[in-house]
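Please read them alongside the coordinates.

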Amino acid sequence: MSIIDNRKAYHDYFIEEKYEAGLVLEGWEVKAIRAGRANIKEAYVVIRNAEIFIVGMHITALAAASSHITPDPVRTRKLLLHASEISKLIGKVERAGYALVPLDLHYTKGRIKALIGLAKGKKQYDKREDAKERDWERDKARLMKTRV
């Protein structure tokens, strides 16, 4: 069950592979995400010291958040992956020129997970080609509907 999608990532990148990663979150963040108060459009994934972090994910605190904590809505959050997956991602990002992009947040067995994609950037003509393809599929479906 998806909570938040990053449709912009599919527009700006070719997604080669997808990985499901756990998130290290605080209690107020979990409550806010469950309430739908998260945004991953400007977020990106970085690798530091063989660990993977998501930067720029904005989680707006609920009004009922505890008064003894000061919520930081855009703090850097750690992603949890197996060591073999991390080493594979490090190799692809550093050598092959790929980027890591957050694709969505979803629930898996009651836990909040992030789907990250190994992506290669699209050029402007690729984006135009995708738009033409979408328009043609829409027109084709419309023609088939009117003929039946």
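1. The largest nonpolar core in this predicted model holds 27 residues, and L23, M57, L79, L81, L89 and L105 have the most contacts inside it. A nonpolar core here is a set of buried Ala, Val, Leu, Ile, Met, Phe, Trp, Tyr and Cys residues joined through side-chain atoms within 4.5 Å. Buried means under 20% relative accessible area, exposed over 50%, and partly exposed in between, with a 1.4 Å probe and protein chains only. At least two residues of this core come from each of β2 (13-23), α2 (27-34), β5, α3 (83-96), β8 (99-108) and β9 (111-121). The most come from β9, which supplies four. Helices (H or I, at least four residues) and strands (E, at least two) are DSSP runs, numbered from the N terminus.

2. L89 is in contact with Y19, I47, I52, L81, L100, I116 and L118, leaving aside its neighbours within four places in sequence. Contact means heavy atoms within 4.5 Å. A second, separate core has five residues, including A9, V101, L103 and A119. In soluble globular proteins, nonpolar side chains tend to be buried together.

3. On numbering and confidence: residues are numbered from 1 along each chain as its sequence is written. The model is predicted, so local features need pLDDT of at least 70 and side-chain atom pairs count only at pLDDT 80 or more, while totals for chains, interfaces and linings use all residues; side-chain values use heavy atoms, with hydrogens and water left out.

4. H106 lies in strand β8. Is this histidine buried or exposed? H106 counts as buried because its relative accessible area is 11%. Its side chain makes a polar contact of 2.6 Å with that of E20 and another of 3.4 Å with that of T108. A polar contact is a pair of N or O atoms within 3.5 Å; within protein, one must be able to donate a hydrogen and the other to accept it, and residues adjacent in sequence count only if both atoms are side-chain atoms. Not counting residues up to four places away in sequence, H106 touches M1, S2, I3, E20, R111, I112, K113, A114 and L115.

5. The loop between β4 and β5 (51-55) contains N49, and A50 is in that loop too. N49 has a positive phi of about 50° although it is not a glycine; phi of A50 is also positive, near 60°. N49 counts as exposed because its relative accessibility is 75%.

6. V46 is in strand β4 (residues 44-48). V46 touches E51, I52, F53 and V55, with residues up to four places away in sequence not counted. From V46 to A61 the separation is 15 residues in sequence and 24 Å in space, C-alpha to C-alpha.
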